[in-house]
Amino acid sequence: MRRHSGTCSTVLTDNRRLDGAMLRRLFIGQCLVLALHLAYLPAWLAGLALGVAGYRVVQRRRHLPRASLLLRLAAVGGLVVGLRAQYGTLGSMEGLIGLLLGVYLLKLLETHDRRDARVLVMIGLVAVAVAFLHDQGLLMAAGALVAVAWLVQSLIWLAGAATLRQAWGETAWLLGLSAPLMALLFLGMPRLGPLWAMPQLDRAATGLTDTIAPGDVAELSRSDARAFRARFLGPVPSPAQRYWRVYTLSHFDGIRWSRVTPEEQAATLGVPPARVARSGRRSPWAGEAQSRFEAELLLEPDSRPWRPSLGTPLTVDEPQRFLSDATLEGRAPLESRALLVLTSSGISPTYPGAVPLTWHTLLPRDGNPRTRALARRLWRESGADPERYLRAVLARFGQAPYRYTLSPPRLTGTDRMDAFLFDSRAGYCTHYASATAMLARLAGIPARVVAGFLGGERHPEGHFTVRDYDAHAWVEVWRHGAWRRLDPTAAIAPERIEQGPQAVAGSEAFLADAPFSPLRWRELGWANQLRLGWERLEYRWQRGVVGYQDEARRTLVAELVRRLEGLLDLLAARLPGQGALSPFLGLLGALVLALGGTRLARRGRRYLRVRGDERMLIRELQAWLARRGLGARPGESPAAHLRRIVPQAGRAGQALEACARDLERLAYAPVEDAERRERQRHLRRSVGEVRRHLPRRPVGR
């Protein structure tokens, strides 16, 4: 490491006390690492960092003794208690990450010398890597790069950097050298599965659940959280066709609709689980259904394994779990964002499913008497014609005083359907879907509720973003040998179907829980362009970097091999003699490998030879300098030779001075083994500095 000639000649040994400037650098590094985690971990960790830093400041100013073992144990105990109170356990992923980060912050209490500082920096690098368990977005990657750069330059200072410019120059050099290797490993290394299991983050990127009651989904209109993104690889569905199916809710207890899991269905029917759910790349239930839409989905992390599909899912590029109720599940929850390519029919399923149709006509024996009376009256008025009856139900919702609102009144009691249909008469999609499905079942028409998303924002470059506020519920009824979509929302608020929930009149609850959302500025042209530009950049990052999969790697490698073969074929065609090029190229490749192996072997032997012999190292340096016109004079000692040429060495002058000091210390002073090893390491670094920075033409010539 380069040093000023005026600095102290003592090498920074491992037990040398750290100064205030180094402690400030370490604390700034802690702040940068903490910033990566703070949005996902308790805010009191920031108070912990400030408390530890404040204690060290007071300790240095008042010359207090080091933190006692009792104080450090108490701090760790408080950290454990705080995390246990926050998460209920230390076995969760959040708890483990919080423990790592807390220990990293508390380590500053006992950081007094270089060895402690190196340990602190290394823990910080581990904490930076762990931050990607929270998020792998572009902002996280940029923040991690800043934190890593700061931690690396802290290591450079610990290694003996003399100036700020030198420290950051070495940092840029090291990061630049590592970038090609990082890119090569990223592009060429196969993606390996996890080697061990860890408790996963219990997160739900969307608020959509598999149990709904009137009013539940309405709360989602208050959030702008992203559910998933979609890019269509063929025809693009119209707004009225973008019904993203997630859950099929077939059980109704008089208050709420809920999903019956495949395991519960199999147990109730007394059939093998394979009758209601199968894993694979193609749906076993859809038969010869025609694919209308093919989409690439970028899914957000979620602790539940749901996967959206447009209508009936048909095929996927990775094995998934196909359910007989026309929904799609992953075989495991998503721990990070993932890509999924699927084809779907765009319409409701044309098969009944594994359960009998009578399953979808079940209702509680009593409750909601006014709703039951309404169903009997409409059935009589429709002449017992199911089609006329369903039209009458939808027509009723399209008349006053029924209204569509994102802020429906709260419904309580056991007869909530009566309260909605005859008292409040105001609701959201859940209210109308629940009422429609119940009225259909009261007439003996098989019906079920489907929960999912409707619509999505289309970006200028073509992909769609579906958010929490796009959550929607509709109805499927069994008619003429197939399920048919029936959306009562289209009868009362058609603008919701075409334009989204923000278009509904009186939508004061829209984004109520996201007061700083950039979506609130969509009407402001320049602000909306900035938002769309950032989302486009982030989407490309997720698809191209985070979503880089084995298939993309194999495609890239195959393309590189194909181009290389094409180049070789071109060379063979231009040289005379068919087939003469292959042996020549093989011989040339073997010769290059042999020469490269020989050179590496020589360098290895040289390294082992000079590693513990400073005199041989300096002799090699003097010979190298002599080849550049800076040789030693007759009778001149090695140290005097190096000091004499310092003025002509430019940026390498400081390193030459350091070489001379270390050589004299090692040759003439009695030193302990630990200091000798440290001096030899420092001497090798200084020789490397001279070789890198000596100008081609000596200064002054």
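User: Helices (H or I, at least four residues) and strands (E, at least two) are DSSP runs, numbered from the N terminus. Where is Arg17 found on that scheme?
Analyst: Arg17 is in the segment before α1, the helix that spans 20-37. Heads up that this is a predicted model, where local features need pLDDT of at least 70, side-chain atom pairs count only at pLDDT 80 or more, and totals for chains, interfaces and linings use all residues. Residues are numbered from 1 along each chain as its sequence is written, and side-chain values use heavy atoms, with hydrogens and water left out.

User: Is Arg17 buried or exposed?
Analyst: Exposed, because its relative accessibility is 56% (buried is under 20%, exposed over 50%, partly exposed in between; 1.4 Å probe, protein chains only).

User: Switching to rings. How many aromatic pairs does the structure hold?
Analyst: There are 18 of them (Phe, Tyr and Trp rings, the six-membered one for Trp, with centres within 6.5 Å; planes under 30 degrees apart are stacked, over 60 edge-to-face, the rest tilted). Take Phe228 and Trp306: their ring centres are 6.5 Å apart and their planes make 70°, so this pair is edge-to-face.

User: What does that pair tie together?
Analyst: Phe228 is in strand β2 (residues 226-232) and Trp306 in strand β8 (residues 306-307), so the contact bridges parts that are 78 residues apart in sequence. Phe228 counts as buried because its relative accessibility is 0%. Trp306, with a relative accessible area of 6%, is buried too.

User: Which residues do ring pairs link into a cluster?
Analyst: Phe228 and Trp306 are in it, along with Phe232, Trp244, Phe293, Phe453 and Phe464.

User: Charges next. How many salt bridges?
Analyst: The structure holds 37 (a side-chain nitrogen of Lys or Arg within 4 Å of a carboxyl oxygen of Asp or Glu). In one of them, Lys107 meets Glu110 with the closest N and O atoms 3.0 Å apart. Lys107 counts as buried at 14% relative accessibility, while Glu110 is partly exposed with a relative accessible area of 29%.

User: What about Glu300 and Arg226?
Analyst: Their side chains form a salt bridge at 3.4 Å, N to O. Glu300 is in the loop between β7 (293-299) and β8, and Arg226 is in strand β2, so the bridge ties together parts 74 residues apart in sequence. Glu300 counts as buried, since its relative accessibility is 9%. Both residues also belong to one network of salt bridges that share partners, joining Asp135, Arg226, Arg229, Glu300, Arg337 and Glu538.

User: Which residue does Glu329 meet in a salt bridge?
Analyst: Arg321, at 3.1 Å, N to O. Glu329 counts as buried at 11% relative accessibility.

User: Backbone now. What is phi of His63?
Analyst: Near 55°, a positive value in a residue other than glycine. His63 is in the loop between α2 (44-61) and α3 (69-87). With a relative accessible area of 70%, His63 is exposed.

User: And phi of Ala384?
Analyst: Near 60°, positive in a residue other than glycine. Ala384 is in the loop between α9 (369-381) and α10 (386-397). Ala384 counts as partly exposed because its relative accessibility is 41%.
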